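Today I am opening my notebook beside a new structure. Come and look along with me.

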Amino acid sequence: MIIETENLRRLFRTDTVETTALDAVTLQVQEGQFVSIMGPSGCGKSTLLHILGLIDSPTQGTYRFLGEDVSRYPESRRSRIRKRHIGFVFQKFNLIDELTVFENVELPLTYARTPARERKARVDEVLERVGIAHRRDHFPPQLSGGQQQRAAVARAVVLKPALVLADEPTGNLDSTNGTEVMQILHGLNEAGTTILMVTHSPENAAYSHSTIRMLDGRIIGQDSAARVPASRIAGAAMQTALESQQAD
């Protein structure tokens, strides 16, 4: 089991107001699963993702990541685990404009002190995998939104993390580029990466094995999905490739 939580609560307090962002959240995610989280704005989806990604800590409850209780770890220890085992894909691409695509994707390997030759090989491999190797020397402002998100996905997975957390990964994209990014996430999951994705899109959720539904900080249900058929993925991928070639 990669993720296990029990009665997670997250409270935010000011001098006069206490807000419950998460209330008694219990869930399990097995290695290799693709799980979506859906619910209205303000229901606690992103708060849950931040706790699962070790960006934040719960006020109460237990969180086990890869069998280890990380609920009360200080930021320094959470950071070490996060950098080693978790990749993030956000709605905003969060690329550094002054760095090329190659340099953006290389950053996590540089922080991990990976030798230069290995860095180059791994960045080249992942750029090919997400279909953006031909833009390796371009800067983010020179790319389309879909290309920027592909670069962001490459950066998230270059360290081969056990878990990828995606927060509205297609939120800033048109439908064609959104489909392209979902195909990439689907392919990463097929190759064994566990993915947990926050989304408002039923079409995106259809790529996952199951969907967690949240309301007012609670999990109100979890549905097993009829996953998008491989034939549909292949057909959409071919259409996207043709459109990409025409755009280039």
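I began just past α4, where Gly-131 takes a positive phi of about 75 degrees. My helices (H or I, at least four residues) and strands (E, at least two) are DSSP runs, numbered from the N terminus.

Before going on, I noted that this is a predicted model, where local features need pLDDT of at least 70, side-chain atom pairs count only at pLDDT 80 or more, and totals for chains, interfaces and linings use all residues. Residues are numbered from 1 along each chain as its sequence is written, and side-chain values use heavy atoms, leaving out hydrogens and water.

Next I checked the length of α4 (residues 116-129). Its 14 residues should span 20 Å at 1.5 Å a residue, and the end C-alpha atoms are 20 Å apart, which agrees; the expected span is 1.5 Å times one less than the number of residues.

Which residues of α4 are buried? I found Arg-119, Arg-122, Val-123, Val-126 and Leu-127. Seen down the axis of α4, the buried residues fall within an arc of 130 degrees, so they line one face of the helix. The arc is that of the directions from the helix axis to the C-beta atoms. On the other side of α4, I saw that Arg-117 and Glu-128 are exposed. Here buried means under 20% relative accessible area and exposed over 50%, with partly exposed in between (1.4 Å probe, protein chains only).

What do the buried residues of α4 pack against? They pack against α3 (101-111) and α5 (145-157), with contact meaning heavy atoms within 4.5 Å.
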